Amino acid sequence: MAAIEIESLTKWYGRTRGVEDVTFAIERGEIFGYLGPNGSGKTTTIRCLMGLLRPSGGGVRVLGERVVPGRGTQHARIGYLPGDFRIWGRARARRSLGFLAALGSDGSAARRRELAVRLELNLDRATGDLSKGNRQKVALISAFQHQPEVLVLDEPTAGLDPLMRQTALDLIRAAAGGGAAVLLSSHDLSEVSAVCSRAAILREGRLVEMAPISQIIQQGEHRLKIWFRNGALTREVPLPQLPGVRVVEKEPGMLHLAYQGAADAILKWVAQFPVDRVATPQTSLEEAFIQYYRQSSNAKGPTAKGGSA
Amino acid sequence: MNRGARPPFPFALLRFWLARILPVWCGIALLIFLMQIAVSAIVHDNEKVKTFLAFIDMLPSVVKTALGGDMLRIGNTAGLLAIGYNHPFVLFLFMLYAVGTPTGLLVGEVQRGTMELILSRSVTKIQVYLCAGILTLVGMFALVLVMFLGTIAAVNIFTFKDRVPLEVFFRIAINGGLLASTFGAFSLLCAGTFGRLYAAVSVAVAFLVVNYFVAIISNWWPRMAFLKPVTLFYLVDSSRSWEGWPLRNMGILVVILLAATAVGAVIWHRRDLPL
């Protein structure tokens, strides 16, 4: 049984689409990336999952139980970090976190202290006086302090410095290692590719891809970097004869190409020139992600809506 | 938690919110208490009463109506003491709490962005609404008891020629507490319905002000007397409390209170909050 099951989830805000027909499942111990640009419906999905919004169709199950909006379904076992984390400014971080932990779960003060030490956060300061990065640490502690079985994290490392970002990613990995299912929504694709095993890409409220990270990267463009001997490349690349090929970079004696499908045609064309060496740079998740949007930019639907995502 | 089980009642939320509103409640309670002492300080002395009534007579007659009308005369100690219950300042303090508490707690948390955090924990929307309702209604009745305690204290501090019928004041206080709680329930309904603080407060205050002024005008202007039963203030006509418990009026107030609270709960539960 998957820890999170989302089936045909649809949410309309009047005539505006939030998400439509979104289906995926996350197993225990899995870190699942949820990607999409602003307004694609990520936050809408998350809020439906948390029972904060009433879906227009479809349903969500968490830890085997159907999520009923407004009923706090399994919330004692879920750690939630909202994308726009706001907390009581006048209260000390310790008090706010203690209150959130006490709302129906076994919040452990020891665990809270341990997380604060790890994230280098002074819990005795009023949250209103904290910097954005330190407030994000409070958000992380609020999500992790009760050792949840499901983590729903919307931009968990926003505002953190690189060292703290690593600590946050370590926390996420450790939680998944302990059997927690993690839904990680993020704009930081390097972060997603660093910790997630699978990811879904959302565009205008619809899932356009769901696959292991490696597969998403492979499905994108492939790269080929060629250095020619003594600047032997004398002609322009005949792009009309090489469908699916584009020039990424061109310097005297070097050509960086991106291509889709087979490399056969390119290699045959390149073979006309004396080649010094060849490299095949790895495509990043970010490039693959941008490509998904480039490919489907012509197919415009109604704009999605919902919070920051 | 068992599968499908309702989360336990969030006493932590109740305590958290109580700590937030307690300073305001204490301030209001102190002012209401002192108001009873101040009124008693004037009305226990006939010379002061004469001066006071002469002053009131200089003001527009509607002011006298607002303070108690024909009940205000020398010798009617209880009627004069009731100024402490009817005074617009006291009513303002009650209504400040009645409107401010539910709107501040529910809509305030939504607007601050912290309601999302609260609802992400093991708590239902209805429980959150109930916490706001409990603090509003219990706080309201506690204020009424403070008002009554103010009268008891005043009676013990000052010497009155006539016996002060405290049991009548208790009935008036309870009846008034029900009225104030009914306004609190209406504010709760507004808080459950509107996403913006100014909208919730505006509608609740407008309802209250219209009720109050219709009550004053219908008492002051005989041609408008037909409007008396239209306002909720009609249900706390203190003259009826002299004869015994005004059970019918109290019953009507309880029904309105429960209906407003229930409708607010349904709306609050069913609508998507503007998080």
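A residue counts as buried here if 20 or more other C-beta atoms lie within 10 Å of its own, and as exposed if 12 or fewer do. The model described below is predicted. By that criterion, helix α3 of chain A (residues 109-118) has the buried residues Arg112(A), Leu115(A) and Ala116(A). These residues lie on the same side of α3(A), because they cover an arc of only 100° around the axis.

- The exposed residues Ala110(A) and Val117(A) sit on the face of α3(A) that is turned away from its buried side.
- The cover over the buried residues of α3(A) includes α2 and α4 (132-144) of chain A.

**Packing of α4(A) and α5(A)**

- Helix α5 of chain A (residues 162-177) packs with α4(A) at an angle of about 10°, and their axes are 12 Å apart.
- Angles under 35 degrees count as roughly parallel, and α4(A) and α5(A) are therefore roughly parallel to each other.
- From α4(A), Gly133(A), Leu140(A) and Phe144(A) meet Met164(A), Ala168(A), Leu171(A) and Ala175(A) of α5(A).
- The contact of α4(A) with α5(A) comprises six nonpolar residues, one polar residue and no charged residues.

**Contact between chains A and B**

- Chain A supplies 25 residues to the contact, and chain B supplies 24 residues.
- Helix α2 of chain A (residues 93-102) provides three residues, the largest share of the side of chain A that touches chain B.
- That side of chain A consists, by class, of 12 nonpolar, seven polar and six charged residues.

How values were computed: Residues numbered from 1 in each chain as written. Chains lettered and ligands numbered in written order. Predicted model: local features only at pLDDT ≥ 70, side-chain atom pairs only at ≥ 80, totals over all residues. Contact = placed C-beta atoms within 7 Å. Helix = DSSP H or I, 4+ residues; strand = E, 2+ residues; numbered from the N terminus. Nonpolar A, V, L, I, M, F, W, Y, C, P; charged D, E, K, R; others polar. Arc of directions from axis to C-beta. Axes fitted to C-alpha atoms, helices over the stretch in contact; angles between N-to-C directions. Parallel < 35°, antiparallel > 145°, perpendicular 65-115°, else oblique.
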